Amino acid sequence: MAIYVDADACPVKAEVERVGTRHKARMYVVSNGGLRPSQNPLVENVIVPEGPDVADMWIAERATTGDVVVTGDIPLAAKCVEAGARVLKHNGEALTAANIGNVLATRDLMADLRAADPFRQGGGKGFSKADRSRFLDALERELRAAARD
């Protein structure tokens, strides 16, 4: 069992490390650089070259059944779900074979709406303490389930 973290702009890296360490899981924190490396021996900081989706491709090539992937990137999540990995968004929402199609469709629809209205301002809601708490609970559940896989 391994945990893969799409670390660029990930607000829950510390939480992943804390829960992953408790489960003695190998963790891969994948980014384009600029992150402070962890001193935890279970954490491997993977720095990939600059470029679109390079970190995503690195994770997608490795994640498989029994692994947990933490990402907010929906196309990456879809690839990992297809490979059998368990996927969590930063707010604790699990992405599964049952819901990934709808999530991808919603993402595409929202991209189309933004493109159609260049004056549209704002984005999603901010990351809250409740989101962090939901993420911690969800990660604990997913790691326990992955250990049974």
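Eight salt bridges are present in the structure, a salt bridge being a side-chain nitrogen of Lys or Arg within 4 Å of a carboxyl oxygen of Asp or Glu. The structure is a predicted model, in which local features need pLDDT of at least 70 and side-chain atom pairs count only at pLDDT 80 or more, while totals for chains, interfaces and linings use all residues. Residues are numbered from 1 along each chain as its sequence is written, and side-chain values use heavy atoms, with hydrogens and water left out.

One of the salt bridges joins the side chains of E15 and R132, with an N to O distance of 2.8 Å. This pair connects distant parts of the chain: E15 belongs to helix 1 (residues 13–22) and R132 to helix 5 (residues 129–148), 117 residues apart. Helices (H or I, at least four residues) and strands (E, at least two) are DSSP runs, numbered from the N terminus. E15 is buried at 8% relative accessibility, whereas R132 is partly exposed, its relative accessible area being 28%. Here buried means under 20% relative accessible area, exposed over 50%, and partly exposed in between, with a 1.4 Å probe and protein chains only.

A salt bridge also forms between E140 and R22, whose closest N and O atoms lie 2.8 Å apart. Again distant parts of the chain are linked, with E140 in helix 5 and R22 in helix 1, 118 residues apart. E140 is buried, with a relative accessibility of 14%; R22 is exposed, at 52% relative accessible area. The side chain of E140 also meets that of R144 in a salt bridge (3.0 Å, N to O). R144 and E140 are both in helix 5, separated by four residues, or about one turn of the helix. Through shared partners, the salt bridges join R22, E140 and R144 into one network.

The strands include an open sheet of six, in the order 3-2-1-4-5-6 and with mixed pairing; two strands pair if DSSP finds at least two bridges between them. Strand 3 (43–47) and strand 6 (94–95) form the edges, each pairing on one side only. Strand 1 (residues 2–6) pairs with strand 4 (residues 68–70) in the parallel sense over three bridges. Within strand 4, V70 stands opposite V5.

Helix 1 lies across strand 1, strand 2 (26–31), strand 3 and strand 4, and runs at about 165 degrees to strand 2. Contact means heavy atoms within 4.5 Å. Axes are lines fitted to C-alpha atoms, for helices over the stretch in contact, and angles run from 0 to 180 degrees between N-to-C directions.
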